[in-house]
Amino acid sequence: MELLTLEHFSGCVNEPFATRLDDVSLEFVLVEARAIGAAAPHPMRKPFSLLFRNTAAVVFPQKIYPMHHPRVGEVGIFLVPIAYEKAGFLYQAVFN
């Protein structure tokens with residue numbers, strides 16, 4: 001399995017990632033992909049954060065979601081709900 005990096009996601013901002021929860025199709029739009037913090041010496045990858053938005057009226061639990069994107073492929077991403085905006089709930093994934 002390839003180690004995911006910021007470069008895998010940086011070209012996918014404002015694009016949808018599809019997943020399923022209890023046989024319901026969901027769509028999370030990647031709204032931000034950015035580097036975070038300073039990397040340790042000789043890191044396996046530079047730390048980064050992803051922010052996704054979902055427009056459903058309910059907040060989904062933090063868990064690993066099997067996300068699919070045409071260019072990234074199928075990846076499990078641990079999403080944590082972090083905020084509510086007028087446009088929907090925001091979810092964060094941190095890779096370090």
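Here is a short walk through the core of this structure and the aromatic rings inside it. What you see is a predicted model, where local features need pLDDT of at least 70, side-chain atom pairs count only at pLDDT 80 or more, and totals for chains, interfaces and linings use all residues. Residues are numbered from 1 along each chain as its sequence is written, and side-chain values use heavy atoms, with hydrogens and water left out.

Let's start with the largest nonpolar core, which has 24 residues. Such a core is a set of buried Ala, Val, Leu, Ile, Met, Phe, Trp, Tyr and Cys residues joined through side-chain atoms within 4.5 Å. Buried means under 20% relative accessible area, exposed over 50%, and partly exposed in between, with a 1.4 Å probe and protein chains only. Phe9, Leu50, Phe52, Met67, Ile77 and Leu79 touch the most other members.

Now for the rings: the whole structure holds nine aromatic pairs. Rings of Phe, Tyr and Trp (its six-membered ring) pair if their centres lie within 6.5 Å; planes under 30 degrees apart count as stacked, over 60 as edge-to-face and the rest as tilted. Take Phe9 and Phe48: their centres are 6.0 Å apart and their planes at 35°, so this pair is tilted. Phe9 is buried, at a relative accessible area of 0%, and Phe48 is buried with 0% too.

Phe28 and Tyr65 make another tilted pair, 5.8 Å centre to centre with 50° between the planes. Phe28 counts as buried at 0% relative accessibility, and Tyr65 is likewise buried at 0%. Finally, Phe9, Phe17, Phe48, Phe52 and Phe95 form one aromatic cluster.
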